[in-house]
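Student: I would like to learn how to read a sheet and its strands. Please take me through an example.

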Amino acid sequence: MSARILIVDDEQLLVKGLVRSLNNEGYETETAYDGRSAREKFQTGEFDLVILDIMLPEVDGLTLCREFRSVSGTPIIMLTARGDDIDKIIGLEMGADDYLSKPFNMRELLARIKAVLRRARQEKSGRKQLVRGDLVIDIARRKVKVKDTEVELTGKEFELLLHLAASPGRVFTREKLLEQVWGYDYIGEDRTVDVHVRRLREKVEENPGKPRYVLTKWGIGYYFNDEE
């Protein structure tokens with residue numbers, strides 16, 4: 001089944017190239033060149049993925065990312081031309097699942113898109129629920145409850161939690177999580193994992209400073225508590 005992708009960027013030549021490449025891969029595409037029209041199209045259409053530039057006229061990409069995430073779990077890949085890592089970190093904190101710095105390699109973008117869509121489809125077709133103590137992960141509906149209270153996670157936060165919880169006690173290095181959850185080698189960007197773990201703990205842990213579920217193996221990586 002073809003996936004539908006919303007491309008939001010004010011660089012018309014870049015958008016034209018993305019549309020051509022994605023259409024050649026069999027994806028359906030919709031485009032927006034400013035934040036206001038992107039918001040309207042997202043509200044009225046159903047998309048499997050959003051490619052979203054940070055620097056946009058009308059409404060900036062970070063604001064849109066936060067708005068989209070508040071109403072939908074649709075995966076978001078952010079684009080940035082800036083060299084400052086702070087933009088990338090803020091984007092992740094706003095709910096983005098991934099980001100690419102311009103200029104980027106089209107093959108890399110296509111690989112990331114395929115990985116995100118593949119994981120989403122696998123989760124829908126696999127087992128329906130995973131229970132770890134007071135934590136319930138509804139895989140089919142992509143919902144998480146802690147002590148019967150639903151918590152809102154971004155798409156990548158959900159995938160990270162599910163990946164860890166599916167193998168309690170197993171320690172994953174940051175590099176391995178980037179490979180297995182994000183779907184590609186992400187050399188030199190270990191902070192991506194740390195940002196997601198911190199935000200995940202803020203949402204599912206009663207005391208994020210003394211986590212019960214997602215634990216740290218100092219000097220190595222993260223694991224899910226196998227004593228639950």
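Tutor: We go through the sheet, one of its strands and a helix.

Tutor: This is a predicted model, where local features need pLDDT of at least 70, side-chain atom pairs count only at pLDDT 80 or more, and totals for chains, interfaces and linings use all residues. Residues are numbered from 1 along each chain as its sequence is written, and side-chain values use heavy atoms, with hydrogens and water left out.

Student: What is the order of the strands in the sheet?

Tutor: Helices (H or I, at least four residues) and strands (E, at least two) are DSSP runs, numbered from the N terminus. Two strands pair if DSSP finds at least two bridges between them. Here five strands form an open sheet with parallel pairing, in the order β2-β1-β3-β4-β5. At its edges lie β2 (28–32) and β5 (98–101), each pairing on one side only.

Student: How many bridges join β4 to β5?

Tutor: Four, and β4 (residues 76–80) runs parallel to β5. M78 has Y99 in β5 as its bridge partner.

Student: Are the residues of β4 buried or exposed?

Tutor: Buried means under 20% relative accessible area, exposed over 50%, and partly exposed in between (1.4 Å probe, protein chains only). Five of the five residues of β4 are buried, so this strand is largely enclosed by the rest of the structure. I76, M78 and T80 point one way, I77 and L79 the other.

Student: Which residues are buried in helix α7?

Tutor: In α7 (residues 174–182), they are L177, L178, V181 and W182. The arc is taken from the directions from the helix axis to the C-beta atoms. The buried residues of α7 fall within an arc of 100° seen down the axis, so they line one face of the helix.
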